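Thanks, everyone, for making time this morning.

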Amino acid sequence: MFTEDEAKSLNAFRQVNKQHSIAVLIRTGIKMKCFLCFFAVFIFPLANSTPKSSPNWKELISSDGIKFSPRNAHASCVFRGKMWVTGGKTDKYTAYNLLTSHQVADVWYSSNGGLWAFEEYNTGDYFAQNNDVVQPGPIPPWFTRYGHTLNAVDLNGDGEADIMLLLGGYAPSPMNDQWATVDGQNWIYCGFAPWSPRAWHSATIFQGSLWLFGGTPLNNEVWKLESAQLIPRVPLPLTRSMFNNYTYNFTWTRMPNAPWSPRVGMGTVSQWYYNASNSQTLENSTERVVLAGGYGGWPTTSTIRWQKYDGFYSRADTWAFDGLNWTQLNWNNSFGGRAWFGMVTQSAYDPRVDLMDPNSPPKMYIFGGGYIGFKVGSNKKFNKMSGFADGYYSIDGSTWTKINYEEGGIGSSTMPYYSSQEWAQTIVDTQTKWIGMWGHTLVTFNATSGKQSPGNMYLIGGDYTGLGDFSSRVFVNLNGIYCDINGLICSGNGTCGATGCVCDSSSSGSHCEIYGGSGPATSEASNIPLLSAMSTTCCICFLLILFSLQ
């Protein structure tokens, strides 16, 4: 038995212990609620927001097994209802003369991207030293080359291309020869151009004319093809003119040098553009050239302040050209420094209108490419091509939006690299890998009409970087490419339909990226008010924890 004083002390102790136990339970409850709150606000959205990209590309498989050899640095265009592939660089092989070569001398064409035909009966104006080449035969008269350009050119302004024009490239040194064909079979030598020999230049149809930009040896020249005249000639034995009895006389005009640094491997496209943010409409559309990226830099001997040498590397700038003046759109775009990528503009029947959005100028697309080079002041030097396995689109050329989802790779020691771009998936040593690619071509083509626009995008060939190899694969884009933004389908606020995103009642915009309305919230962005309130609750919980620990 306890004395009266001992009983009082024991009761007091029990009371204090009970209050302490209740306080512990309260603190534990607060911690648990706050933990659940933290999980709900910060962890669950991450788990719930796993990107689920739409299918973006479909590989076109040749049913008869006939296709061009794996390659990069080839040239492609759309002409007379077909896609054409010429030349390029590939793995070492034994040529017809038993010498080994990396360069390719062939012509291929396709009306659907799946079935390809090899031009076996080339004719034309062969070099005298190539008299041992069979004519007609499988080797065209411009012989092996890569880093050249191939464009379909309308000579009479009727809206239909009259010739394909192949310009320059490595053969094996940089060239400035001009080759025209009306059928992809007979190649006409049209003399040397007035511009210096070059390769890796860019050529684009703009304002009804062919324009040529840059190239190697590194330069920032701009040339315009003013006119083409068909002229007769007498075939001369043992010369380049030994076969055809006519040729074309091309007149070129040199324009002022561009303000961008001398470069190669850049993308150039023609785009009809109007600035809707400045109250412009379709009627205000004007045609321009947009130039993006490329490898190069100002010469080390440059003394002009704004042309200061800063190294030779893949660039991230974009420029617009109206035929007279250049305007820098962005000096450091979100797509990062890259060169030798695929770039196209995709329009509707009306070239001023986007293929999928009638209220927008045509979007420009960039896929793949690589980074190489070094910057002054940086310790990093990329002596080997570092490839990209991504895609971007832009309306104004200044703001670029990423399409695909990526994870792993650089900076991750446990997670291998993955990209939702299907063309990046390949096999290396029996293992499936996702690898960047450069030196491919990208064209728009309508397999039904045979026209360039409105058409799908076709990605052709290329070179996988790192442990990858050359590619002969061909991909056509699917509708999902118009729905994905940073790896999310329609920003999580809609579904992908036949003409792009179908937004729910709470969102709008081409990718359902604009939130508003009273409809159901389905994405991270649409849950912002709820998350904000929960975040406030978490902050209060955190303060309660601090006080409860005192």
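Predicted model: local features only at pLDDT ≥ 70, side-chain atom pairs only at ≥ 80, totals over all residues.

Now to the disulfides, of which the structure holds three. In one of them, cysteine 483 is paired with cysteine 496, and the two sulfur atoms are 2.1 Å apart. This pair links distant parts of the chain, 13 residues apart, with cysteine 483 in the loop between strand 37 and strand 38, and cysteine 496 in strand 40, which covers residues 494–497. The torsion about the S-S bond is about 75 degrees, so this disulfide is right-handed. As for the two ends, cysteine 483 is buried at a relative accessible area of 0%, whereas cysteine 496 is partly exposed, with 33% relative accessibility.

Cysteine 490 and cysteine 501 form another disulfide, with an S to S distance of 2.2 Å. Cysteine 490 lies in the loop between strand 39 and strand 40, and cysteine 501 lies in strand 41, so the bond ties together parts that are 11 residues apart in sequence. Which hand does this disulfide have? The torsion about the S-S bond of cysteine 490 and cysteine 501 is about -100 degrees, so the disulfide is left-handed. Both of these cysteines are buried.

There is also the disulfide between cysteine 503 and cysteine 512, whose sulfur atoms are 2.1 Å apart. Its S-S torsion is about -95 degrees, and so this disulfide is left-handed. Cysteine 503 counts as partly exposed at 26% relative accessibility, while cysteine 512 is buried, at 0%.

Finally, let me step back to the whole protein. Its secondary structure comes to two helices and 43 strands, and buried residues make up 49% of its 550 residues. If we take the contacts between residues at least 6 apart in sequence, 58% of them join residues at least 24 apart. The accessible surface comes to about 26300 Å², and carbon and sulfur atoms account for 58% of that surface.

Technical notes. Residues numbered from 1 in each chain as written. Heavy atoms only, no water. Helix = DSSP H or I, 4+ residues; strand = E, 2+ residues; numbered from the N terminus. Buried < 20%, exposed > 50% of the residue type's maximum accessible area, 1.4 Å probe, protein only. Contact = heavy atoms within 4.5 Å. Areas by Shrake-Rupley, 256 points an atom, 1.4 Å probe, with all protein chains shown as cover. Disulfide = S-S within 2.5 Å.
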